[in-house]
Amino acid sequence: SFEESTPISTAIMMGSEEDRRVLARTGIRMFFKMVFEDNLIHGDLHPGNLLVSRDKPNQLVVLDVGMTTQLQEKHQRMLYPLLRAFIKQDYEEVSWRLLQDAPSANCPDPALIVREITGEDREVADTRIVLRKLDV
């Protein structure tokens, strides 16, 4: 079907600060509803696959839903605290959860991995993307 819409990147660049806030809230609500209520994971969710409806400016249009899947209940339970830690910017908790929930969690030095991810290990912090430096 065809939907009169604007690419989300254009809507963000051309919109007011309030428009961007509304889009952010709408996107977050859409994502959490999709994942936690509908149990739907979009395998290719990026700005090129998100449009803003011209008729309803706080409605998003999602494209390319060919790569979707559902989570098993145990994975849904693992995802909620992981996302919560991300939102709280508790990257140490994020790191530990990723290590704990990994299918093959036989890491020889988990504490080193956590220090690397959070940027607490100065030797590697300058050469890697450190989550604390990202503005999420």
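In which loop does Asp 64 lie? The legends below take up this residue after the strands that lead to it.

The structure is a predicted model, in which local features need pLDDT of at least 70 and side-chain atom pairs count only at pLDDT 80 or more, while totals for chains, interfaces and linings use all residues. Residues are numbered from 1 along each chain as its sequence is written, and side-chain values use heavy atoms, with hydrogens and water left out.

**View 1. Strand E3 and its two pairing partners.** Helices (H or I, at least four residues) and strands (E, at least two) are DSSP runs, numbered from the N terminus, and two strands pair if DSSP finds at least two bridges between them. Strand E1 (residues 5–7) runs antiparallel to E3 and is joined to E3 by three bridges, with Pro 7 standing opposite Leu 51 in E3. E3 also pairs with strand E4 (residues 60–62), again in the antiparallel sense and over three bridges, and here Val 52 stands opposite Leu 60 in E4. Six residues lie between E3 and E4, which form a hairpin.

**View 2. The two faces of strand E3.** Buried means under 20% relative accessible area, exposed over 50%, and partly exposed in between, with a 1.4 Å probe and protein chains only. By this criterion E3 (residues 50–53) is covered on both faces, with Leu 50 and Val 52 buried on one side and Leu 51 and Ser 53 buried on the other.

View 3. Leu 23, which is found in helix H2, is buried, with a relative accessible area of 7%. Leaving aside neighbours within four places in sequence, Leu 23 is in contact (heavy atoms within 4.5 Å) with Ile 8, Ala 11, Ile 12, Val 52, Pro 57 and Leu 60. The C-alpha atoms of Leu 23 and Pro 57 are separated by 8.4 Å, although the two residues are 34 residues apart along the chain.

View 4. Asn 39, in the loop between helix H2 (17–37) and strand E2 (41–42), has a phi near 55 degrees, a positive value in a residue other than glycine, and is buried at a relative accessible area of 15%. Asp 64 lies in the loop between E4 and strand E5 (68–69); its phi is likewise positive, near 55 degrees, but Asp 64 is partly exposed, with a relative accessible area of 45%.

**View 5. Helix H5 and the residue that follows.** In helix H5 (residues 110–118) the buried residues are Val 114, Glu 116 and Thr 118. Gly 119 follows H5 and has a positive phi, near 85 degrees.
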